[in-house]
Amino acid sequence: MAEFTYEIVKELGVISEGSGGWLKEFNLISWNGKEPKYDIRDWAPGHEKMGKGVTLSVDDIVSLKELLQNIEI
């Protein structure tokens, strides 16, 4: 598996908590020293382990925000 680095630039919020204390978080993360992107993924307590997630650009977030505003829940 390829090595990578990450820095959580800003913790934006917790979406939910799963079993074992893992949290689904919405954060701004710099991957491999690149421009930070928005990220949704599960994290173990203390951020020592992470699950699979989705990384979004600013344009993706704008589109997602519009989609969410237009759905009925």
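**View 1. Read along the sequence, the chain follows the pattern β-β-β-β-α.** Welcome to the overview. This is a predicted model, in which local features need pLDDT of at least 70 and side-chain atom pairs count only at pLDDT 80 or more, while totals for chains, interfaces and linings use all residues. Residues are numbered from 1 along each chain as its sequence is written, and side-chain values use heavy atoms, with hydrogens and water left out. The chain has one helix and four strands; helices (H or I, at least four residues) and strands (E, at least two) are DSSP runs, numbered from the N terminus. Its C-alpha atoms fill a box of roughly 40 × 30 × 25 Å, taken along the principal axes. Of the 73 residues in the chain, 18% are buried. Here buried means under 20% relative accessible area, exposed over 50%, and partly exposed in between (1.4 Å probe, protein chains only). The chain exposes about 5700 Å², with carbon and sulfur atoms supplying 54% of that area. Accessible areas come from the Shrake-Rupley method with a 1.4 Å probe, and for residues only the protein chains shown count as cover.

**View 2. Strand 1 and strand 2 form a hairpin with five residues between the strands.** Strand 1 covers residues 6-17 and strand 2 covers residues 23-31; the two pair in the antiparallel sense over nine bridges. Two strands pair if DSSP finds at least two bridges between them. Look for K10, which stands opposite L28 in strand 2. In this hairpin, G20 takes a positive phi near 75 degrees.

**View 3. Strand 2 and strand 3 are paired in the antiparallel sense.** Seven bridges join strand 2 to strand 3, which spans residues 37-43. This hairpin, too, has five residues between its strands, and N32 takes a positive phi near 55 degrees in it. N32 lies in the loop between strand 2 and strand 3 and, at 43% relative accessibility, counts as partly exposed. N32 is not a glycine. H47 is not a glycine either, and has a positive phi of about 60 degrees; its place is in the loop between strand 3 and strand 4 (50-56).

**View 4. N27 is a buried residue, with a relative accessible area of 0%.** You can find N27 in strand 2, and its bridge partner in strand 3 is D39. Which residues does N27 contact, leaving aside its neighbours within four places in sequence? They are I8, K10, E11, L12, K37, Y38, D39 and W43, where contact means heavy atoms within 4.5 Å. The side chain of N27 also makes a polar contact with the side chain of E25 (2.9 Å). A polar contact is a pair of N or O atoms within 3.5 Å; within protein, one must be able to donate a hydrogen and the other to accept it, and residues adjacent in sequence count only if both atoms are side-chain atoms.

**View 5. The whole structure contains two salt bridges.** Side chains of opposite charge can pair when their charged atoms come close. A salt bridge is a side-chain nitrogen of Lys or Arg within 4 Å of a carboxyl oxygen of Asp or Glu. In one of the pairs, the side chains of K24 and D42 meet at 3.2 Å, N to O. This pair links distant parts of the chain, with K24 in strand 2 and D42 in strand 3, 18 residues apart. K24 is partly exposed at 30% relative accessible area, and D42 is partly exposed at 28%. A second pair brings together the side chains of D39 and R41 at 2.8 Å, N to O. D39 is buried, with a relative accessible area of 0%, and R41 is buried at 9%.

**View 6. V9 sits in strand 1.** Is V9 buried or partly exposed? V9 is partly exposed, with a relative accessible area of 43%. Apart from its neighbours within four places in sequence, V9 is in contact with L28, I29, S30 and P36. The C-alpha atoms of V9 and K37 are separated by 9.3 Å, and these residues are 28 apart along the chain.
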